[in-house]
Number of protein chains: 6
Amino acid sequence: MGIADPYVAAVRDAVARALAEDLAPLGDITSALLPVDATAVADFIPRSPGVLAGTTCATEAFAQLDASVDVSWAAVDGDAVVAGEVIGTVSGSMASILTAERTALNFLCHLSGVASLTRRFADAAATGGDARVWDTRKTTPGLRTLEKAAVRAGGAVNHRGNLSEWVMFKDNHLALLGISEAVASARATWPGKLVHVEAADLDQLAQALEAGADAVLLDNMTPEEAKAAVDLADEWAGEHGGRRPLLECSGGITIETAGAYAASGVDLLSTSQITQSAPALDIGLDIR
Amino acid sequence: MGIADPYVAAVRDAVARALAEDLAPLGDITSALLPVDATAVADFIPRSPGVLAGTTCATEAFAQLDASVDVSWAAVDGDAVVAGEVIGTVSGSMASILTAERTALNFLCHLSGVASLTRRFADAAATGGDARVWDTRKTTPGLRTLEKAAVRAGGAVNHRGNLSEWVMFKDNHLALLGISEAVASARATWPGKLVHVEAADLDQLAQALEAGADAVLLDNMTPEEAKAAVDLADEWAGEHGGRRPLLECSGGITIETAGAYAASGVDLLSTSQITQSAPALDIGLDIR
Amino acid sequence: MGIADPYVAAVRDAVARALAEDLAPLGDITSALLPVDATAVADFIPRSPGVLAGTTCATEAFAQLDASVDVSWAAVDGDAVVAGEVIGTVSGSMASILTAERTALNFLCHLSGVASLTRRFADAAATGGDARVWDTRKTTPGLRTLEKAAVRAGGAVNHRGNLSEWVMFKDNHLALLGISEAVASARATWPGKLVHVEAADLDQLAQALEAGADAVLLDNMTPEEAKAAVDLADEWAGEHGGRRPLLECSGGITIETAGAYAASGVDLLSTSQITQSAPALDIGLDIR
Amino acid sequence: MGIADPYVAAVRDAVARALAEDLAPLGDITSALLPVDATAVADFIPRSPGVLAGTTCATEAFAQLDASVDVSWAAVDGDAVVAGEVIGTVSGSMASILTAERTALNFLCHLSGVASLTRRFADAAATGGDARVWDTRKTTPGLRTLEKAAVRAGGAVNHRGNLSEWVMFKDNHLALLGISEAVASARATWPGKLVHVEAADLDQLAQALEAGADAVLLDNMTPEEAKAAVDLADEWAGEHGGRRPLLECSGGITIETAGAYAASGVDLLSTSQITQSAPALDIGLDIR
Amino acid sequence: MGIADPYVAAVRDAVARALAEDLAPLGDITSALLPVDATAVADFIPRSPGVLAGTTCATEAFAQLDASVDVSWAAVDGDAVVAGEVIGTVSGSMASILTAERTALNFLCHLSGVASLTRRFADAAATGGDARVWDTRKTTPGLRTLEKAAVRAGGAVNHRGNLSEWVMFKDNHLALLGISEAVASARATWPGKLVHVEAADLDQLAQALEAGADAVLLDNMTPEEAKAAVDLADEWAGEHGGRRPLLECSGGITIETAGAYAASGVDLLSTSQITQSAPALDIGLDIR
Amino acid sequence: MGIADPYVAAVRDAVARALAEDLAPLGDITSALLPVDATAVADFIPRSPGVLAGTTCATEAFAQLDASVDVSWAAVDGDAVVAGEVIGTVSGSMASILTAERTALNFLCHLSGVASLTRRFADAAATGGDARVWDTRKTTPGLRTLEKAAVRAGGAVNHRGNLSEWVMFKDNHLALLGISEAVASARATWPGKLVHVEAADLDQLAQALEAGADAVLLDNMTPEEAKAAVDLADEWAGEHGGRRPLLECSGGITIETAGAYAASGVDLLSTSQITQSAPALDIGLDIR
């Protein structure tokens with residue numbers, strides 16, 4: 001159980017659902033035509049460089065289908081992989097390997113795709129400063145746990161996992177409540193919950209600081225505007241002491257701009273691209 | 001129930017799972033702070049042009065959370081949408097709308113992303129000929145039904161839905177069985193199932209034709225090689241009568257190459273990109 | 001994983017559901033009164049001759065209840081069994097054996113009943129020709145995967161597994177669409193899907209041949225009418241080349257008539273009896 | 001909620017599972033080709049006489065697929081139906097009707113088959129005396145609740161529903177425990193639970209009476225042996241007062257023998273045939 | 001499989017659900033920070049005396065999370081435990097132990113709480129006579145199977161497990177049906193089912209005896225009234241022979257009154273307190 | 001959707017599971033004997049004073065069983081209720097009302113029990129100061145969402161909902177990591193997550209303050225020790241600025257001591273009693 005691993009029940013359920021999708025109602029009718037005693041050894045080999053994620057899902061796919069298939073890995077989630085080098089090996093019944101192959105790879109390629117794009121964002125941010133890349137709740141329905149683990153494998157960190165984890169006031173909430181009332185209400189109702197406030201400009205940031213927000217989302221600011229926000233928050237913290245609220249830039253973060261945003265001194269750069277728009281990493285399973 | 005709609009139980013289950021991901025254990029703790037009688041009207045508005053898919057999922061997300069929220073659509077799955085134009089409207093409890101918003105959009109943006117990229121492939125293919133774009137089993141785990149419907153909304157067609165739908169012999173099967181024995185075995189064991197054979201070159205195509213395959217996957221051929229394969233198959237069909245087997249090009253199909261492949265005269269161009277690597281279409285839900 | 005086996009997840013789920021039916025809420029309150037260390041060896045013994053199916057389900061029932069119970073088989077699915085001869089043996093905790101016994105037998109007796117009746121149909125058909133017996137979608141709700149595997153164990157073959165596997169136009173569809181338009185629409189929308197057309201007489205068969213159907217259901221024809229249909233289709237194929245469409249007789253197929261229908265030269269004889277009306281094969285579990 | 005109805009959640013779950021079996025992954029690809037605005041009215045019409053059961057399942061199948069389809073019934077579960085007379089009517093979208101038709105009929109035909117065979121057993125028993133026909137735990141896996149309701153619709157009554165409902169000592173239990181110790185142990189551990197004891201002969205019956213069993217299974221007795229058992233039990237009850245234990249004949253009950261067994265004066269005649277070996281009642285859904 | 005054990009599938013499902021509650025969406029984010037190779041040995045130690053129950057649930061919690069964690073027990077369900085003495089030991093990965101700890105303890109403490117309070121009621125009843133303590137259907141939603149097993153571990157016995165196990169006429173049913181008609185109807189419709197009748201006074205008891213009820217609930221009677229009821233029923237049984245119907249006192253049973261009620265000679269004392277209002281037994285898991 | 005409501009899917013699932021527990025396999029066999037057209041009106045009436053919770057669950061129980069039953073409430077979750085006064089009313093089919101009654105009440109009585117005990121803790125704390133009562137993860141397996149909502153209805157607030165919501169270092173974690181390293185690691189790995197540290201004494205509190213913890217659990221301190229801890233933390237905050245970390249007292253909080261602990265000036269008083277050991281509130285459903 002390392003930081004980049006998803007928890008086991010999430011893996012088990014997602015794999016069971018995926019196998020059902022691919023096998024019902026008759027199973028693999030092609031592999032059923034193979035000699036029943038045919039065996040094989042097959043290697044997972046990336047076709048492009050990237051960052052590995054999803055190995056526990058791939059292992060689980062074979063285990064659920066046929067516990068006698070052996071799966072071993074030469075790399076772990078979070079490792080950079082290169083095209084053409086073996087990263088894992090499967091051995092056992094040929095029919096079982098061919099039957100579970102696609103399910104295993106669908107997880108492995110999608111999640112490694114997420115980790116790979118995340119790594120590119122993280123590397124880009126690192127050219128500018130210490131800001132971490134933050135994911136969002138814009139995840140693929142049904143795969144949030146697995147994608148968030150892939151984000152960690154890629155070197156970024158996880159924003160709130162769901163609507164119940166912390167309080168986050170966006171423009172629509174604030175239009176009804178006002179910033180200071182909103183924060184006060186959250187503190188009273190949900191002590192112990194982080195209170196996160198969206199700010200469209202420095203004035204709203206000042207209100208959020210005054211209200212005692214734990215984190216502020218700087219919405220659609222340029223790197224320069226973000227820098228001004230950082231200065232304002234630093235100044236405020238200097239005067240009032242304590243930890244500066246977390247500052248998040250949201251909107252406009254791309255691989256091209258991430259360095260500049262990081263250089264502004266904010267803590268976190270959030271992007272939905274890494275979970276919603278990551279192309280699959282092409283990994284094959286080659287029978288020896 | 002139109003051709004582009006997924007079947008209703010698949011929508012119901014996927015949405016229930018996605019809402020659970022986002023709400024457990026406490027629900028939306030931010031919206032719980034809003035006045036209970038606050039209402040809103042909000043519009044779905046694309047930020048970029050694309051092709052719509054997933055509207056039934058979005059509708060279902062609101063319905064499962066709060067049946068009193070009203071959802072209506074100005075467009076249907078498969079429609080081209082333009083940036084900034086309202087495509088649908090939600091009205092009802094402000095808290096319910098904000099709570100279900102992300103779940104609804106996660107489906108809508110992902111599936112519209114699939115439909116949009118599919119349409120680009122389909123349009124590209126149409127510049128060269130009549131070949132249809134074909135999806136694959138390389139889908140996001142848990143979302144195959146929905147993604148295949150989005151592919152149809154985008155104007156492409158569905159390859160086999162799972163391992164049990166038809167027989168498909170790939171290189172590893174054929175290495176053990178041989179093409180003619182493989183096809184004969186499939187006909188004997190699974191009459192009524194389409195028999196699909198992978199061919200790496202014209203020699204293997206000839207064997208597949210001789211064996212009576214219903215469809216042949218031309219693996220990693222150039223458009224020119226595909227053209228030669230078409231000629232060979234046409235010649236065969238001319239001599240032996242009957243429908244020419246379906247010819248599928250697989251490998252190397254991109255938006256750039258799709259026209260050239262279509263021009264070769266094959267029937268189907270398959271690509272995993274449209275389901276595995278489609279960036280989300282950016283659609284927002286704007287409170288009026 | 002042989003041709004007669006159902007896929008493992010279907011077995012796992014069906015057995016879990018069946019055990020829950022029989023055990024909730026308190027478990028086997030009778031076996032709970034037995035000495036906890038009592039053990040037993042018990043033999044599965046048919047009371048009548050038949051064809052075996054469902055062994056993986058029976059094994060799974062004991063495994064889910066108590067992994068320490070050992071189950072071994074002297075026969076495999078598809079084997080003919082005779083009354084009074086041991087076909088399998090269970091050993092382990094007496095309480096566990098008695099608790100899981102009924103669940104194991106309910107699967108074994110029902111599925112062997114399906115296989116046994118199927119074998120009788122298959123044998124009857126074989127007296128007349130090469131036509132295969134085909135099952136239908138008229139299966140017991142919740143058991144389609146298992147019953148279709150039992151059908152294969154009995155020596156017949158599987159018709160379409162569900163409504164999404166292939167296109168099948170019956171009279172009601174054709175009344176709205178017309179045969180040639182229907183087939184053309186299917187080819188355009190679902191390339192790669194087998195297109196199956198119902199024909200009530202030779203005229204409709206001719207239309208189906210002209211339209212290029214892959215399979216034709218000859219509805220409620222006598223063996224003589226079926227013979228005429230075969231002749232027409234053969235003639236057509238002789239003129240136009242290619243594989244003759246699959247010809248299926250449906251309606252009126254019984255053990256008595258199967259040979260005559262097979263002699264007509266059609267490819268497939270479909271019957272719902274083998275899945276919907278097969279009496280259970282009586283198999284007991286006898287404690288030694 | 002009448003006596004012949006299964007409880008609603010069992011219906012809901014079984015129907016959802018059956019629809020999923022028939023629709024995944026793409027839905028009804030044939031009906032998707034119909035004009036979207038085509039509507040129909042269709043009648044449920046038996047092809048043979050029998051007893052109706054399963055109407056709530058059939059209704060639910062349409063409701064889950066398309067809530068706008070209307071279903072009405074001219075008969076209720078338990079009614080005798082005759083060939084050719086309309087027993088229910090469906091109206092609404094043609095595509096929805098054709099899509100849900102098979103699922104609805106699979107329940108209706110199977111459960112009406114159970115009810116119809118049950119009625120024949122019940123009628124046969126009634127020719128001999130007041131004994132009721134009793135079902136068993138030999139039911140189709142996953143359908144126990146529905147089949148037991150169909151048994152009631154057919155005019156028979158339900159034996160224990162599962163292993164936890166009452167204590168039932170069969171030969172294997174008794175070999176380990178002895179009859180009087182077994183009954184005493186059951187009374188001490190599970191007061192309030194009916195205690196049922198198997199007896200192979202009059203000696204064991206006498207022991208069971210002495211032990212105070214609530215019910216005795218007379219195993220594989222002839223009607224004459226059963227009569228002797230009744231006499232013995234009546235004599236005992238005359239001497240000791242109280243209700244005579246229920247006497248069940250098990251083994252050898254057929255439609256031919258049921259009257260003779262009933263004439264013996266026992267209370268209950270149990271048979272697995274009505275749930276395990278009932279042929280489906282042929283009911284069609286005819287589009288007007 | 002002893003009398004105090006719940007059946008295995010109920011344990012498996014309840015534990016899976018509880019782990020999901022505690023782990024989604026990211027798993028134990030604190031334990032993820034521990035060194036991955038840290039191991040531990042930890043002891044289950046009660047902080048107060050009581051009766052143990054729920055050990056299979058605790059074992060299952062670790063097994064589902066990490067099969068390599070070893071769990072052993074020095075006591076079994078039903079054992080009296082004393083504060084400070086080790087009752088079980090867990091060893092393996094530190095992170096796994098800390099992650100599953102709370103789930104394991106939530107079952108163990110709740111179910112041992114039920115068993116402990118049950119034991120106190122059972123001991124109190126034993127001071128007055130042989131009456132057994134009976135649980136009710138007033139259980140915690142979702143945990144009935146486990147709580148009923150804990151009740152047995154505590155030394156009491158199980159009332160009807162659900163609404164389908166036996167017939168129980170309460171005042172509202174009787175107001176509509178009348179006692180003798182009610183019992184007759186139950187006998188006719190559900191032979192083999194125990195028939196239980198509520199009686200508010202001796203007159204209703206007399207009617208229930210006359211009607212042939214198997215069990216009578218004496219509603220809210222004092223111990224003296226219960227004694228009179230026992231006398232009446234004994235007298236009746238003396239005159240009519242057979243087993244006296246079970247007599248249950250319901251209402252007013254407390255640890256203080258249980259002895260007096262038992263002394264009245266009734267068979268069963270039912271109380272909802274043992275399942276609905278049992279304080280958790282405080283058990284800790286102490287890392288060595 | 002108010003603050004005291006659980007989210008709808010949690011209610012739906014828990015109620016479905018509870019109804020299945022009470023109805024399988026045959027439904028309510030007693031109510032099935034009632035006249036099918038009998039109707040009733042029934043009132044929810046508390047037998048003791050307390051605080052209401054669980055009304056949505058009770059409503060849902062009737063709705064899932066029979067949508068035609070009408071349920072209305074004269075009080076909402078969080079309201080104080082008095083013995084004997086009607087708090088809600090159900091009307092509709094007598095059989096349906098009696099069938100769903102127990103399931104509805106099991107939720108209502110348990111959750112109102114939680115709310116009622118919570119209110120007593122909250123009121124006790126309020127006599128001493130502004131500290132809020134905090135629940136824990138020591139909840140009944142499967143009911144966490146519902147119990148946490150009942151806690152809010154009772155006037156207390158929710159601690160972390162699961163292991164993934166925030167980082168909480170207890171003694172065992174700290175023994176391996178050290179306080180400052182632990183906090184630093186949490187900040188680096190999980191920015192945005194609250195970091196909570198257990199402190200057994202003032203020295204550890206000082207370390208936690210130095211490390212920048214967001215919250216500190218004061219473990220098993222007396223009110224006086226807690227006061228000293230508050231003083232230390234206030235002093236620290238005075239010197240370093242910012243919000244004082246949340247201070248939680250854990251261990252030894254009872255209704256008797258809650259006021260004294262609150263008077264110490266800490267923010268939160270956590271107790272497992274309110275969820276693990278709350279006696280059910282006795283509420284009846286009285287047919288008029």
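Across which strands of chain A does helix α2 lie? Helix α2 (residues 55-65) of chain A lies across β1 (39-46), β3, β5 and β12 of that chain. The views below are taken from a predicted model.

**View 1. The open sheet of chain A.** Four strands of chain A form an open sheet, with the order β3-β5-β1-β12 and antiparallel pairing. From one strand to the next, the twist averages 20 degrees.

**View 2. The pairing of β3 and β5 in chain A.** β3(A) pairs with strand β5 (residues 88-93) of chain A in the antiparallel sense, over four bridges. Within this pairing, A:Trp73 has A:Gly88 of β5(A) as its bridge partner.

**View 3. Helices α2 and α3 against the sheet of chain A.** Helix α2 of chain A runs at about 165 degrees to β3(A). Helix α3 (residues 94-126) of chain A also lies across β1, β3, β5 and β12 of chain A. The angle between α3 and β12(A) is about 160 degrees.

**View 4. Helix α4 of chain A and the residue that follows.** Of the 10 residues in helix α4 (residues 144-153) of chain A, 10 are buried, so the helix is largely enclosed by the rest of the structure. Just after α4(A), A:Gly155 has a positive phi of about 100 degrees.

**View 5. The interface of chain B and chain A.** The contact involves 58 residues of chain B and 58 residues of chain A. The two chains bury about 5000 Å² between them, with 61% of it on carbon and sulfur atoms. On the side of chain B, the most area is lost to chain A by B:Leu33, B:Pro141 and B:Leu163, which together account for 14% of what that side buries. Four salt bridges are found across this interface. A:Arg137 forms a salt bridge with B:Asp22, in which the closest N and O atoms are 2.6 Å apart.

**View 6. The interface of chain C and chain B.** Here 24 residues from chain C meet 24 residues from chain B. About 1800 Å² is buried between chain C and chain B, 55% of it on carbon and sulfur atoms. C:Glu165, C:Pro191 and C:Gly192 supply 26% of the area that chain C buries against chain B, which is more than any other three residues. Four salt bridges are counted between these chains. The side chain of C:Glu165 forms a salt bridge with that of B:Lys193, at 2.3 Å from N to O.

**View 7. The relation between chain C and chain B.** Chain C is superposed on chain B by a rotation of 180 degrees with 0.0 Å of shift along its axis, at an RMSD of 0.0 Å. This is the relation of a two-fold axis. Both copies use the same surface, as 100% of the contact residues of chain C recur in chain B.

**View 8. The surroundings of E:Ser250.** E:Ser250 is located in strand β10 (residues 246-250) of chain E. Its relative accessible area is 18%, so E:Ser250 is buried, the limit being under 20%. Apart from neighbours within four places in sequence, E:Ser250 is in contact with E:Leu217, E:Leu218, E:Asp219, E:Asn220 and E:Ser270.

Conventions:
Residues numbered from 1 in each chain as written. Chains lettered and ligands numbered in written order. Predicted model: local features only at pLDDT ≥ 70, side-chain atom pairs only at ≥ 80, totals over all residues. Heavy atoms only, no water. Least-squares fit on C-alpha atoms with pLDDT ≥ 70 in both. Contact = heavy atoms within 4.5 Å. Helix = DSSP H or I, 4+ residues; strand = E, 2+ residues; numbered from the N terminus. Buried < 20%, exposed > 50% of the residue type's maximum accessible area, 1.4 Å probe, protein only. Pairing = 2+ DSSP bridges. Axes fitted to C-alpha atoms, helices over the stretch in contact; angles between N-to-C directions. Buried area = accessible area lost by both parts, 1.4 Å probe.
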